[in-house]
Amino acid sequence: MNMSKKGGKQAETGRKVHVPCKRAKVEASCPPSPMNYDSPDSVFESLIFPIEQETFFKEYWEQKPLLIQRDDPSVAAYYQSLFQLMDLKELSSQGFYYGRDLNICRCVNGKKKVLNKDGKVNYMQLKRDFDQKKATIQFHQPQRFKDELWRIQEKLECYFGSLVGSNVYITPPGSQGLPPHYDDVEVFILQLEGEKHWRLYKPTVHLAREYNVESEDQIGNPTHEFILKPGDLLYFPRGTIHQADTPLGGSYSTHVTISTYQNNSWGDFLLDAIPGLVFDTAKEDVALRTSIPRQLLMVDIADSTRRLSSFLRSLADQLENTKELRSSDMKKDFIMNRLPPFLGNSPDPLAPGGKLPKLDSKIRLRFKDHAIITVEPDQENSDERRKEMAYVYHSLKNRRERHMMGNEDDDTNEEGISEAHGLRFPLSHMDALKQIWRSATIAVKELSLKSDAEKQNLVLSLWTECLIEVL
């Protein structure tokens, strides 16, 4: 992750922007925030300021790096408040473990050397390795502990509709933590403390789907080379080869890497949506229910490509006339694993509050960005012919401390699969659910259900889950 364009073509591959200093009064304990939290859009706009969103997605997103250099003490002070080396001393008392919560590593002869100890992290030992072995500290998912990062990343997950993780990298002067490599995520780097020298190289795999280390003698000269200072921001697409080191003679460097769009491509979406489309089409099209030829699985399957091509063409025709496209896993995976809403220091903010909804009530959806409606076979009926039900899944009860950390026993069922938080309704409730989701406000009696009892039961269920409020 790196930059300063060689030659005279800087405008073609990255933009260097100097933001005028606002001279805001900076308080050490709580610096003024440059972030506008009014909406997910405004948060992203604040992050890439002064670049416009339209310009960013037209010229940079998935295409080329963007460097924003800000000579603004107030932004630098705010960035520093997001995470500092001294935070690790206090946080480590909560019980961190090598591997799970952090790694210590160093780039030696073009290779990553991991210097982790076993078990629990002792801060004094960690600091010795940092000072004496010149090891980089890589701290995983700091949004689990730092409220402002939780707040930023939760809004970015709403903005992108994709999981947003982060890692903090703290590197001593005259040292480099990682060899040249590329990642499978879109990356936003915020420089928090000290300075970091970056070099970016032309991708060998555009929009890569996996992480890979590259040999320095194979990657050519940097396309960009630059120093990041506190308050600066760098973006580059997945697949961009990069390396970074802390210059000698200064202080250590701290930056946070905010990353998104892992396994979130059109290819991933096709793999997710096609099984449901085939399943539904086969209900109507007898050709898809006919048997494959005898011994097809014992011979070269390439012999069947013509027939498969014919089925795919007919599926494409079916897709053009399909109003509902069923996502089998991606939507659910996103909602189950994302951050819960940031609600500040409110006491028990997710308990149902206010008036109970009644037939003459007007209601509105809360946390719209945190809830989805899906249609799935009834998970509580083990009969062979399971009828379809409407499911409402939400992330209001997701555990912040588990974000992007994989599954653990208390979040999983007997099969080791993460449990989703949500509600199950008969398919006949689907239209009424869509009314609630699409309306700014709606009267309970106007819901598209046959009986008043059904209307009241539906809204009471949603109210109990904190998904609606009574006006």
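Accessible areas come from the Shrake-Rupley method with a 1.4 Å probe; for residues, only the protein chains shown count as cover.

**View 1. The whole chain, a predicted model.** The chain exposes about 24,800 Å². Carbon and sulfur atoms supply 49% of that area. Among contacts (heavy atoms within 4.5 Å) with a separation of 6 or more, 79% join residues 24 or more positions apart.

**View 2. Helices H5 and H6 packed together.** H5 spans residues 85-92 and H6 residues 123-132. Their axes, lines fitted to C-alpha atoms over the stretch in contact, lie 10 Å apart. The angle is about 150°, on a scale from 0 to 180 degrees between N-to-C directions. The two helices are therefore roughly antiparallel (over 145 degrees). H5 contributes Leu 85, Leu 88, Lys 89 and Ser 92 to the contact. H6 contributes Tyr 123, Leu 126, Lys 127 and Phe 130. By class, five residues are nonpolar, one is polar and two are charged.

**View 3. Helix H11, residues 430-438.** Seven of its nine residues are buried, so H11 is largely enclosed by the rest of the structure. The buried residues are Met 430, Ala 432, Leu 433, Lys 434, Gln 435, Ile 436 and Trp 437.

**Notes on the model.** Residues are numbered from 1 along each chain as its sequence is written, and side-chain values use heavy atoms, with hydrogens and water left out. In this predicted model, local features need pLDDT of at least 70 and side-chain atom pairs count only at pLDDT 80 or more, while totals for chains, interfaces and linings use all residues.

Conventions: Helices (H or I, at least four residues) and strands (E, at least two) are DSSP runs, numbered from the N terminus. Angles under 35 degrees count as roughly parallel, over 145 as roughly antiparallel, 65 to 115 as roughly perpendicular and the rest as oblique. Ala, Val, Leu, Ile, Met, Phe, Trp, Tyr, Cys and Pro count as nonpolar, Asp, Glu, Lys and Arg as charged, and the others, Gly among them, as polar. Buried means under 20% relative accessible area, exposed over 50%, partly exposed in between (1.4 Å probe, protein chains only).
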